[in-house]
Amino acid sequence: MAHALQLAQSALFTARPNPMVGCVIARGGEVVGEGWHPRTGEAHAEVFALRQAGARARGATAYVTLEPCAHFGRTPPCADALVGAGVSRVVAAMRDPFPRVDGAGFARLQAAGIAVAAGLMEAQARELNRGFLSRIERGRPWLRIKLAASLDGRTAMANGESKWITGEAARADVQRWRARSGAILTGADTVLADDPALTVRLGDDTPFEPPMRVVVDTRLRSLACGKVRDGSAPTLYLHGPQAAPAAGLSTEFAALPLRGDHVDLRAALGLLGERGINEVQVEAGPALCGALLGAGLVDELLLYQAPVLLGDGARPLFAGLGIETMAQRLRFDLVDEARFGEDRRLLLRPSAL
């Protein structure tokens with residue numbers, strides 16, 4: 001199963017909106033077939049593994065990171081393929097909560113006399129597909145805020161200058177996190193200040209699906225800045241109901257209800273979930289980052305910290321949190337830590353209460 005999970009990661013940048021799935025077929029202690037699901041519309045992991053195994057799949061055990069599907073979508077049911085190949089046992093890391101599967105795959109296998117077991121390395125499987133599971137189980141994408149900060153927790157000078165706090169190695173790592181995301185979300189203030197492109201630049205031939213660029217702009221005041229509308233990736237503006245999109249722009253617009261004076265962020269994430277977005281990476285200023293954190297919508301922080309000081313006049317990580325006492329402090333768990341040159345990367349998640 002550990003190998004199947006490694007295979008699944010091969011589609012980290014390409015599988016969405018589908019989950020990443022890997023499959024290993026073993027017989028008598030020997031691996032006779034393996035595969036993963038590369039992208040939507042192509043064969044699933046089980047099919048690739050069965051093709052490689054051929055006749056040796058009969059009587060073998062299939063290890064798969066997610067319950068085999070039992071419905072016709074763009075491809076036929078994987079459960080039927082396993083039955084037809086004559087495997088004797090299927091071990092899945094976890095049940096698939098997608099409504100058209102959700103136990104139906106296991107039921108079909110068992111009805112054909114195939115032994116089924118589930119739960120092996122389930123925590124690792126859930127971690128791998130945390131975005132897909134968030135969308136299916138919670139109705140919204142997994143939301144990650146990416147930040148680059150100094151030792152004193154500052155993200156830019158008071159005038160907005162921020163290039164570059166971190167070094168090239170850290171910035172290259174950010175591109176890989178962008179590539180795994182279904183959307184890169186920013187705010188009007190960032191677009192007006194920086195006119196960012198928000199595209200993926202991996203610097204090699206690694207295949208990826210360009211993430212959607214999403215601009216939260218209640219009054220559509222950032223349309224004069226055009227890099228996010230350069231055509232290199234799809235772009236969506238989320239605005240308030242009173243704002244009128246300009247005609248002739250090659251981009252999408254969606255009106256959302258307001259919460260106070262700004263777009264309802266929970267509704268925004270719900271809309272992105274409906275559009276099949278599994279993971280959202282936020283690259284925005286302190287106001288939008290603070291609003292997302294204050295609304296309880298942040299699942300993890302990707303914090304790059306450089307060994308520099310910017311001073312107390314520089315811009316903070318978050319604004320508007322209203323923390324006044326130690327009892328109100330927000331706590332985070334350190335999930336992972338890595339070094340990139342002189343910079344360090346922290347992956348943090350809100351502590352469970």
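Author: What follows is a set of questions and answers on this structure.

Author: This is a predicted model, in which local features need pLDDT of at least 70 and side-chain atom pairs count only at pLDDT 80 or more, while totals for chains, interfaces and linings use all residues. Residues are numbered from 1 along each chain as its sequence is written, and side-chain values use heavy atoms, with hydrogens and water left out.

Reader: How many residues of strand E8 are buried?

Author: Strands (E, at least two residues) and helices (H or I, at least four) are DSSP runs numbered from the N terminus, and buried means under 20% relative accessible area, against over 50% for exposed and in between for partly exposed, with a 1.4 Å probe and protein chains only. Both faces of E8 are covered, with Ala183, Leu185 and Gly187 buried on one side and Ile184 and Thr186 on the other. Strand E8 (residues 183-187) is therefore largely enclosed by the rest of the structure, and the count of its buried residues is 5 of the 5.

Reader: Which residue in E14 stands opposite Ile184?

Author: Two strands pair if DSSP finds at least two bridges between them. E8 is joined to strand E9 (residues 212-216) by 5 bridges in a parallel arrangement, and E8 also pairs in the parallel sense with strand E14 (residues 279-282) over 3 bridges. In E9, Ala183 has Met212 opposite, whereas in E14 the residue opposite Ile184 is Gln281.

Reader: Which residues is Gly240 in contact with, leaving aside its neighbours within four places in sequence?

Author: Gly240 lies in the loop between strand E10 (235-239) and strand E11 (252-255), and it is buried, with a relative accessible area of 2%. Its C-alpha atom is separated by 9.0 Å from that of Asp261, 21 residues apart along the chain. With contact taken as heavy atoms within 4.5 Å, the residues that Gly240 meets beyond those neighbours within four places are Asp217, Thr218, Ala255, Leu256, Leu258 and Val263.

Reader: Is Leu346 buried or exposed?

Author: Leu346 is placed in strand E18 (residues 343-350), a strand that is mostly covered, with 6 of its 8 residues buried. Not counting residues up to four places away in sequence, Leu346 touches Leu301, Leu302, Leu303, Leu334, Asp336 and Glu337. Because its relative accessibility is 10%, Leu346 counts as buried.

Reader: Which residue in the turn between E17 and E18 has a positive phi?

Author: Strand E17 (residues 332-340) and E18 run antiparallel and are joined by 8 bridges, with Arg339 opposite Arg344 in E18. These two strands form a hairpin with 2 residues between them, and the turn residue with a positive phi, of about 65°, is Gly341.

Reader: What volume does the second largest pocket have?

Author: A pocket is an open set of points on a 1 Å grid over the protein atoms alone, where a 1.4 Å probe fits, with protein on both sides within 12 Å along at least five of seven lines, and lining residues have an atom within 4 Å of a point. Grid points are joined across faces, edges and corners, and a volume is the space filled by probe spheres set on the points. By this method the second largest pocket has a volume of about 560 Å³.

Reader: Of the residues that line the second largest pocket, which are the closest to its centre?

Author: The elements that give two or more residues to this lining are helix H2 (45-53) and helix H6 (130-138). Of the 26 lining residues, the closest to the centre of the second largest pocket are Asn18, Pro19, His44, His71 and Phe98.
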